[in-house]
Amino acid sequence: APAMLITLCYLYLWARWGPRSAALVRSTVRRLHRSRCSFTFCARQPHPEERVCLRIGGKVFCTGEAQFLDDLNRWSVLLASPFIHPEKLLPAEHIAFVTESISAQTENLQKGPDSSKEIVKWSDFCSPLAYKPGEPFKLIAEASVDNFSSLGIAFLEDRLQMDNGMLPHRIVSVHLEESALKELAQEKEVKEESTDMDAVTPAGKSGSGRGEEEKSKLEEEKEQEETGAGDHHHLHLSSCHECLQLENSTIESVKFASAENIPELPDDCSSRTEEKEDECLEKGVKRMNLTGKPPNILIYLGSEAAKARFEQVKSVLRECIDAESYTIYQLQQEQVLRDPWVENSLLLVIATEEPIPEGSHKQFMTFLSKGGKILGFSSSFTFGGVQIKRKSKLRKAVRELVVSKKDSTEVKLNLLLSGCVFEEGMKGDGSRVKVLSRLNNADKDTVIVHLTHGSSGGEAILSQVHLELDSNSMDVQTEENFNLLKMSNSKRYEVLKEILTCLGLSCELSEIPALTPIYLLSPDEEIHLAFLKWLEGNVDAEGLRASSKVSLKFVSSWESKVEVTPSLVPVVTEMGSFSSEHFSLKTYQQHLQTKKLGKILLFTEVTTTTMNLLDG
C-alpha cells in the first residue's frame, strides 16, 4: 500500500508539473527529503528498485531506498570539513550526498558542460566534506535542499561543472550514520586515554570492528574494481580525524612558539604528501609566493613513462632554481583530470612533443586562469593567437638564436631545435603575446614566446628550442653541433634562469646549512620519562633505532664534533641542554590545548627531510 501511494504521488506530480522539469525536481526533493529514501541523478539506466521521476536525454532523476554511509574511515576528510566538529554537521533542511565524477577519457567522453547554457559550478552550491580518489572520483558534500536540487537540475541539463575539471557522472543523497559521526567525535578522546605506545592503529583503519557485511551499498558498488584497497592507507594527516585536530593545535602552537613570523598557511598544506606537511612550517616565509600557491613544480611528459626523461628535466631545473625552496614531481597523464594539483602547484613544465588531449589542455588552461605558470619545452601546447608551424629542415638542427632579456639586453647562443616554430599571425591577440627569441636566420623564425592568460597572473613561456638538452643529448648528430652546444652551455643556463625568474621562481641559490641533531622534547616531565622508559625496549644496546633510510641514535647529550649525516642522526634526550633562537618550548606548551597528544616533540633546526625520520 505505501508503494502504491508513492506511485500515485508521482503520477500526480507528472500531471501537475508536466515538462517543468526544474519545478518537478524541487518539489519532489522538498516533499520527500525527510523520508527514508534517496535521490539519484545519473547518466545510466536506473536499477529495478529505483523509481524514475524524470528523464532528460540520457540522464534520469529517480528515487530509491535510503543509502547509508557508515564507514567514514575509508574517506579522506578535508581539513575544513564539519566532520571535524560533527555537532555542527548537517543543519536542518540540509542533505548529504556523494558526487561521482570521471575523467573525460573514460568511455570516450570528451564533452563537458554545455557552454551555451548558464554553467553551475559544483562548489558554489555545496560544502565539500570528504573525498575518495580513484575512478570515479568521489566527493561527500552537504547542501541545502534547494541547492541540492539546483545541482541535480544542472546535472540533468548538462550545465554542471566540477572544480577538478572532471565530468559529473552521478549524484546520490546519503544518510550519514549517527554512529559514524559519534565515532569521529569520540575518536580523539578514546585515543588520548590509551597509554599503550605499542598499540598503534594504522592510518585509515577503524577500531570499531565493524564487519564487511555492514558496508553501505554505496561503498560496495565498485568494491570489486578496487583491488587491494584494504592494503593502502592515506597518511594520518589526510585521513585521520585525530591528527587533523592535532595538526590544527600544533600548527598554532608552533606559530606562537617560533621566532619567525610564519604566515597563515593554505588549507591544502595539510593534505599534501612527500615531505610537505613539515616543510610548510619549516620554510613558511621563504617558500610562499605572490600567488599563495604551494611551491611545487610538476613535470608533465604525456604518456611517456621513461624515468630517465623525468630525471633529465628535473636535473636541469634543480641546477637553475633554488632547490631548497621548491619540490619537483612528475604529473602523470592519468593524474591530470583526477588529482587536485591545480590548486597545489606553482609551475607546470610540459616536456613532451605528444599532442595534448583536449581534456588535459582544458585543465592546463584552468591552471593558468587560477594564476598558474607554464613552461613548455618543445611541446605542442599553445593557446591564444599563437600557433605552431612545422619546419622539417630545422628538426634536430643546431642553430643560433637571439634571446631578449628583461633588462633589454640580448643573448646569442646555439641550441638544438625541435623542428617547429611559432606562427607570427597572432589573430588580433598580440597584446597578450611577447616574442622572447627568434632564430638568427633569413626568416627570423619565432622560437620562444611569452603569453599571459586571465586576470589572476597566469602566464606561460613556450619554447621550440631544447633548453633542457645539452651537448650530450642523443639527438646531437655531428661533432660540429656538439662543440656549438658545449660552447653555449653557460648561456643556456643563463637563458633558463631568466625564463624561470620571469615566471616568478627564485634562482638565487641559497647556502645549504649544516645538519643539526634532533632534540627529544616534552613540556610534561612525566610523559617525557614514560617515553624514555618505552624507548629502552625499542633501541639496541648502542641506543640505535635503525631504519632503511635514516637511523636515529639516542644519546643523553651531544658534542659538536659528532657528525650529523643524512643517514644517521643523533637524538638528544636530555632537555636541559636544549636552547634555540627559533623555538620556545614554554610558549609552545602554553598554546597546546591537548591532554597528551603533541606532548612529545622531535625538534631539529636543519634536516634533509622530515618524512624519513619516522620511517619504519
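Me: Is Ser567 buried, partly exposed or exposed?

Reply: Buried means under 20% relative accessible area, exposed over 50%, and partly exposed in between, with a 1.4 Å probe and protein chains only. Ser567 has 45% relative accessibility and therefore counts as partly exposed. The model is predicted, so local features need pLDDT of at least 70 and side-chain atom pairs pLDDT 80 or more, whereas totals for chains, interfaces and linings use all residues. Residues are numbered from 1 along each chain as its sequence is written, and side-chain values use heavy atoms, without hydrogens and water.

Me: Where does Ser567 lie, and which residues does Ser567 touch?

Reply: Strands are DSSP runs (E, at least two residues), numbered from the N terminus. Ser567 lies in the loop between strand S25 (551-555) and strand S26 (568-572). Contact means heavy atoms within 4.5 Å. Not counting residues up to four places away in sequence, Ser567 touches Lys549, Val550 and Ser551.

Me: Is His450 buried or exposed, and what joins the side chains of His450 and Glu459?

Reply: With a relative accessible area of 12%, His450 is buried; its place is in strand S21 (residues 446-453). A polar contact is a pair of N or O atoms within 3.5 Å; within protein, one must be able to donate a hydrogen and the other to accept it, and residues adjacent in sequence count only if both atoms are side-chain atoms. One of 2.7 Å joins the side chains of His450 and Glu459.

Conventions. Helices (H or I, at least four residues) and strands (E, at least two) are DSSP runs, numbered from the N terminus.
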